[in-house]
Amino acid sequence: MSRPARIRIHSAALRHNLQVVREAAPQARVMPAIKADAYGHGMLQVAEILHEADGFMVACLSEAVQLREAGIRHPLLVIQGPQSEQDLVLAAQKNIRLVLHHEAQLLLLDRLCASTVIQVALKLDTGMHRLGIRAQRAKVVYQALQSHPNIHPDIWLMTHLACADDRENTYTHQQITEFDDVTESLQASRTIANSAGILGWSASHRDWVRPGIMLYGSSPFLASADFPSSRDDLGLQATMTLFAPLIAINRLKKGDLIGYGSTWRCPTDMRVGIVACGYADGYPRHAPSGTPLWINGQQTQLLGRVSMDLIVIDLTDIEATLGTRVECWGKQIDSDHVASLSDTISYELFCHAGACCEKNVEPS
């Protein structure tokens, strides 16, 4: 039997957000990022919901193999690339494209038999300094791949943007320029844009775009007074609701202290509710008192520290009974706001809750 906290996945919102991608980058093919269990939403479920996408991007080969074994026939891109010769053979068998981002991966190719042909994308490091071939080496490596008997001739070129979430940071222009300077003479499909690139940097749009967090109804941008940056500003819809039942209602006196560490003191006599959700369910432990929640058509607030299995909410002027559902984030409570108050990002909220809670896909 699962824990009381639950997740609802909104399939219509996922499809809506995919359409926002297409409208923002109409000339590009769209390859949603469904790595890490689709940011906690359920990789196989999201792949089915977004079947009209042009391909899917995952982190590791095991994720791609799982998609193939589930019957997904879209183009698949594995961004961590091969870790062994066996990975190369398996990718060839399953028709999976691997990112090559390190010189050591190139040596693996020389161990393959002649009949093994790999689809690859060559990743350039234009400034993230995480994965990628140095730009100065890119042409040499690309030419070596072109002539390699085990490489499919359709080689992709890609990079990743480090600061696209900040639309005032010129580093993104620098990265795009470096990528173009190195690759302009090479005949290949290209991909640069993540969610922030799609919505904020049209110069990064190429043959493919790789939306991630925007598909899941969260803004890819830092808060800014000069640019629209919220979920609603960007026309995105929430795709995950985390909710849990009210399991107790208590009447407290003025001055009563709530929770571990007694960090919250009742300012007056009041009613509070106990919700069966805590950090074991993916709710952020560092959410402060005042973090919003939603119950019976009204916004309320968190009181005191988050426990492993429980949180306390304010029921002043709110009618509720045992079993009433409380939304921790979702359509009414913006996950980005909850994350910001907790000094984290919505990516982490989704991944943690998705790993902890039973998921239910809302009918279309």
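Over the face of which residue does Arg 325 lie? In this predicted model, where local features need pLDDT of at least 70 and side-chain atom pairs count only at pLDDT 80 or more, totals for chains, interfaces and linings use all residues. Residues are numbered from 1 along each chain as its sequence is written, and side-chain values use heavy atoms, with hydrogens and water left out.

Arg 325 lies over the face of Phe 243, at 4.1 Å from the ring centre; a charge counts as over a ring if NZ of Lys or CZ of Arg is within 6 Å of the ring centre and within 35 degrees of the ring normal. Arg 167 is placed over the face of Phe 221, at 3.6 Å from the ring centre.

Four aromatic pairs are present (rings of Phe, Tyr and Trp, the last by its six-membered ring, with centres within 6.5 Å; planes under 30 degrees apart are stacked, over 60 edge-to-face, the rest tilted). Tyr 283 and Trp 329 are stacked, because their ring centres are 6.4 Å apart and their planes at 15°. Both Tyr 283 and Trp 329 are buried (under 20% relative accessible area; exposed is over 50%, partly exposed in between; 1.4 Å probe, protein chains only). Tyr 39, Tyr 216 and Tyr 347 form one aromatic cluster.

The buried residues of α8 are Thr 172, Gln 175, Ile 176, Phe 179, Val 182 and Thr 183 (helices, H or I, at least four residues, and strands, E, at least two, are DSSP runs numbered from the N terminus). These residues pack against β6 (119-125), α7 (135-146), β8 (156-158) and β9 (189-191), contact being heavy atoms within 4.5 Å.
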